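Reader: I've just opened this one. Can you walk me through it?
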Amino acid sequence: MNSTKTATLSLWVTLTCLVGFGMFVMKNQVQALESELYRINQSIQDDVKSIHVLKAEWSHLNSPSRLRTLAAKHILLNPVKPEQIINYSALPFEYQSESENKRMLAQRNINNQAARNKELKKLVKAQR
């Protein structure tokens, strides 16, 4: 009976030691995860502050008065003169439909061919 008590006692001591060791390991893992969480939260807060600063800088850089001043300083544009403004109808566009363009191209090719034929006839007569 003495050996049973000793075996039971040693079993309980071993289990207590294993549970204690397991708790120690788990505590260290939790502390590591908490420090990582703290580091990530700090990084998020730093990023939020950086975004806030960047938005403030962006609004300053895009202010209309500042852009107007920079444009006047660096872009040498003259005011528009009344002579520069014309109607759309005054533009030199010759709009032709696609079929008219094809017909005109064909006529131009025929005229060019006829002119070449006349020149060839003149050369033939000159050679005789």
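This is a predicted model: local features need pLDDT of at least 70, side-chain atom pairs count only at pLDDT 80 or more; totals for chains, interfaces and linings use all residues.

Reader: Is Lys 125 buried or exposed?

Author: Lys 125 is exposed. Its relative accessible area is 64%, and the cut-off for exposed is over 50%.

Reader: Which residues form the positive surface patch?

Author: Lys 118, Lys 121, Lys 122 and Lys 125 form that patch.

Reader: Let's zoom out. How many helices and strands does the protein have?

Author: Three helices and zero strands. Starting at the N terminus, the order reads α-α-α.

Reader: And what share of the residues counts as buried?

Author: 1% of the 128 residues. The accessible surface of the protein is about 12,800 Å². Carbon and sulfur atoms account for 63% of that surface.

Reader: New topic. Which residues form the nonpolar patch on the surface?

Author: Leu 11, Trp 12, Leu 15 and Leu 18. Together they have about 450 Å² of accessible area.

Reader: Where does Leu 18 lie?

Author: In helix H1, which spans residues 2-61.

Reader: Why does Leu 18 count as exposed?

Author: Because its relative accessibility is 55%, and exposed means over 50%.

Reader: What about Leu 61? Which helix is Leu 61 found in?

Author: Leu 61 is in helix H1.

Reader: How does Leu 61 count in terms of accessibility?

Author: Leu 61 counts as partly exposed, at 38% relative accessibility. That label is for values between the buried cut-off, under 20%, and the exposed one, over 50%.

Reader: Which residues is Leu 61 in contact with, leaving aside neighbours within four places in sequence?

Author: Arg 66 and Leu 67.

Key
Residues are numbered from 1 along each chain as its sequence is written. Side-chain values use heavy atoms; hydrogens and water are left out. Patches are made of residues with over 30% relative accessible area and no salt bridge: like charges are joined within 9 Å, nonpolar side chains (Val, Leu, Ile, Met, Phe, Trp, Tyr) within 5 Å. Accessible areas come from the Shrake-Rupley method with a 1.4 Å probe; for residues, only the protein chains shown count as cover. A salt bridge is a side-chain nitrogen of Lys or Arg within 4 Å of a carboxyl oxygen of Asp or Glu. Helices (H or I, at least four residues) and strands (E, at least two) are DSSP runs, numbered from the N terminus. Buried means under 20% relative accessible area, exposed over 50%, partly exposed in between (1.4 Å probe, protein chains only). Lys and Arg count as positive and Asp and Glu as negative; His and the chain ends are not counted. The place of a charge is taken as NZ of Lys, CZ of Arg, CG of Asp or CD of Glu. Contact means heavy atoms within 4.5 Å.
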